[in-house]
Structure formats: structure tokens, C-alpha cells
Amino acid sequence: MAAPETVYDFAIIGAGIAGTSVAAELADQASVLLLEMASQPGYHTTGRSAAVFAPIYGPQPIRALTRASAEFFNTPPVDFTQNRLLEPLDVIMLARKDQDKQLSDFLDELGSEGGVRRVEHNEILKRHPLIRTEYAHAGALDTTGSAIDVHDLHQGYIRSFRKSGGVTQTNATVQALERNNGVWSITAENGAFKAANVINAAGAWADQVGAMAGAEHIGLVPKRRTALIVDAPDGLSTAQLPLIVDIDEQFYMKPDAGRLLISPANEDPMEPCDVQPDEMDIAICVDRIERAFDIEVRRIVNKWAGLRSFVADKSPVVGYSTTADGFFWLAGQGGYGIQTAPALSRCAAALALGDAIPTDIVDAALSPSSITPQRTGLAA
């Protein structure tokens, strides 16, 4: 007689940072199956992230989740990693003279969050000598930012998940979802699986997965972002340089292991795919960087692209569907999934188990109504 088929408490679709972090949070309390379409976890967006921990970056729910993640990043659990997850990295939101209103509006929106302060022309040039004198007018300085070791963070969650008995299946593109008698039947490329609940952490493919399950449409739009690594000018030490982000998010420059990581900060809508850098993006990036910085890009050391997926209000979608029983959304993190992962995974795990959002996350000013799949205008 054949052994009964395993019915997991949760099947999580997607093994990027969202899927692996919530899997690790759930695995101590439930049986969890993690399904990944690629041959290795984190192949798509997570593995291509240039993430920073920037408490001033993103819409209000993102900033709240970032603040609530700080303790984990600074003091991760024992055996989570042997390395530091954060390295200090100042952040300057840079404004030309004609962008002064955008800068003032940005500072007004932040209010007292994080102790961000306005800096003027001379201080900006002192902190980043590559910025062209005529370009730098003023900026918003955040000294609480950090560079994140994305690989160690992701691998730490994978190890924690496995240690708790979690099961991972790679090359497992989900092809169909069907629910009968309170159980989801999941047809994947490499087999069939069953689970009481499905957590949709499929990144750019999340709306497609939702459609398979008969869940509500959330209006998720994957957007391509291109990034380049270029050489720093001869004789320049990049070690103490801040991250520079245009106040209108038209470009950014970040120090990266003695070189410079640059991006046009583009958000080009496209279908979910194994996205590649676009030559026009690269040309636009170089032009914007050379206009703002005293640098000539002669050689591109590396180039890549990733998909950042957003709903209309650019905040995450976290919670159970009202049209597909036992189907849980964990989508729409945009470019903020890495810096919010510790708090967002705890929040999602609590909601998936039917518990309240942890108090420290609510105290960081996260409103549950700002992330629910049922919020107004989600798919506008």
C-alpha cells in the first residue's frame, strides 16, 4: 500500500528573500515546503540586488518595516551568519537648485523620522568630491544607512529554514493550483504537492500565480532596473563615499568594493522574465552620471538588470485572499524587499498563522491597513 501523500501546512512559491525569510519564520511552528522555479534560490531579483538599509527610502509602510528590521540586522540570531550583515553607508538624497522644492517636500514628509537633516552645497562636496560643483545645491543626509550583505542574509534564512526541517524543491515552476476539501493541489514542473495553505512569494510572477488560484488581481507591475559597475577615477578611495540618490530618483551611485555601482534608477514596465540589461538604459545611465559627477565612464566592468515589482501605491501586499481560501499574498515589495525582510517576514508569518502583527512592528508605525490585499485602490 502506498504511503499517504504529505500535506504541508504551508507551500511557499518563490525562494527569493521574501519566500525564504517567511519560510524560516514559519518552519519552527509548521511544516513548510518551499518551491523555487529556478535551479537555485534567489536567482532572479534577490540575487541581483544592490540593496542598502536606508530608513528614509520608500513609502511610509516601507520605512516602518525598515525601522522594525534594524534590530535583526544589527544583532542577528546566533548561528545565522558569521559575518556582519550591515556596513555603515551614509545616504544623501541630492538636489539641484531647480529641485529644491522636491527636497523640501521630502524632508517635510519625513518629519522627525530617523534624524535626517538638510545639508548644503559645501558639505555635500566635502562628503563626495566627485559631484560637480555646479550640480550640488543641497541634499538630505541620513547617517543611519548601511550596505547590506544580501548573500549572507539570504543564505542565513535558507540555513535556518533547513535546520527547522523545511523542505525545498528547485526547478519547480508551478503550473496549476486547485483547492479541494481544504487542501491545495500544486502541480509543478517536477512533481505534484499538497498543502493546506499557499503563500505567494513569486515576485514578478505573483499576479500570474494568483490568477491560477482564483485570487483577486492586485495589479502587480514588474519593472526593469539596470545597474552597472564601473571603475572609480585613479587615486580615489571609495571606502568613505556615501550613497548618492537623485531626489527625483533619476540615478544613484554607490561605492562597491573599490569601484562604483551606478544606475539610472529606471522603472520600465515589462512582463515577468529573466530580464537582461537594455543598451538604452546603459547609455542613459552613463549620461546622467557624467552630468552629475566629474567622472568619465570608459569601461563597464559588469552590467545586469533585475525586476522590481510594484502595485499602485508601491507598498507590499500581505495577507489572505478573500476570493481564494487558504491563499496568502506576500508580494509587491518593489526594490525594498531586502531591507524590510526581517520585519516583513515576521509580520507575514504572524498573519499566516492567524496571529496579530508583532507589537514592535506596529510600534514602528506600520498600519495593518496599509499592506492588506483588501485596501482601496490597490490595483488602480
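N181 is placed in the loop between β10 (174-180) and β11 (183-188); helices (H or I, at least four residues) and strands (E, at least two) are DSSP runs, numbered from the N terminus. The model is predicted, so that local features need pLDDT of at least 70 and side-chain atom pairs count only at pLDDT 80 or more, while totals for chains, interfaces and linings use all residues. Residues are numbered from 1 along each chain as its sequence is written, and side-chain values use heavy atoms, with hydrogens and water left out.

The phi angle of N181 is near 55 degrees, a positive value in a residue other than glycine. N181 counts as exposed, at 81% relative accessibility; buried means under 20% relative accessible area, exposed means over 50%, and partly exposed lies in between (1.4 Å probe, protein chains only). A positive phi in a residue other than glycine is also found at A365, where the value is near 85 degrees. A365 belongs to the segment after α9 (359-363) and is partly exposed, at 40% relative accessibility.

Two packed helices are described by the angle between their axes and the distance between the axes. For helix α1 (residues 17-26) and helix α5 (residues 150-163), the angle is about 40 degrees and the axes are 8 Å apart. Axes here are lines fitted to C-alpha atoms, for helices over the stretch in contact, and angles run from 0 to 180 degrees between N-to-C directions. The crossing of α1 past α5 is left-handed, a term used if the near helix is turned anticlockwise from the far one by less than a right angle, with right-handed used if clockwise. On the α1 side, the contact is made by I17, T20, S21, A23 and A24, and on the α5 side by L153, H154, Y157, I158, S160 and F161; contact means heavy atoms within 4.5 Å. Seven nonpolar and four polar residues make up this contact of α1 with α5, with no charged residues. In this classification Ala, Val, Leu, Ile, Met, Phe, Trp, Tyr, Cys and Pro are nonpolar, Asp, Glu, Lys and Arg are charged, and the others, Gly among them, are polar.

In soluble globular proteins, nonpolar side chains tend to be buried together. The largest nonpolar core of this model has 47 residues, and those with the most contacts inside it are I12, V32, I148, L153, I199 and L330. Such a core is a set of buried Ala, Val, Leu, Ile, Met, Phe, Trp, Tyr and Cys residues joined through side-chain atoms within 4.5 Å. The largest share, eight residues, comes from α8. A second, separate core has 33 residues, including A215, V275, L307 and L378. Returning to I12, its contacts beyond four places in sequence are G19, V22, A23, L26, V32, L33, L34, L35, I199 and A201.

Two further buried residues were examined. T340 lies in helix α8 and is buried, with a relative accessible area of 0%. Residues up to four places away in sequence not being counted, T340 touches I62, L65, T66 and S69. Q333 is placed in the loop between β20 (327-331) and α8 (337-352). Q333 is buried, at a relative accessible area of 12%, and is in contact with A18, S309 and L344 when neighbours within four places in sequence are left aside.

Across the whole structure, 25 salt bridges are found, each being a side-chain nitrogen of Lys or Arg within 4 Å of a carboxyl oxygen of Asp or Glu. One of them joins D231 and R299, at 3.0 Å from N to O. D231 lies in strand β13 (residues 221-231) and R299 in the loop between α7 (279-292) and β18 (300-310), so the pair ties together parts that are 68 residues apart in sequence. D231 is partly exposed at 29%, and R299 is partly exposed at 43%. In another salt bridge, between E87 and R84, the closest N and O atoms are 3.2 Å apart. E87 is partly exposed, with 42% relative accessible area, whereas R84 is exposed at 56%. K254 and D256 also meet through their side chains in a salt bridge, at 3.9 Å from N to O. K254 is buried, at 8% relative accessibility, whereas D256 is partly exposed at 26%. Salt bridges that share partners also connect K223, R225, E267, R308 and K314 in one network.
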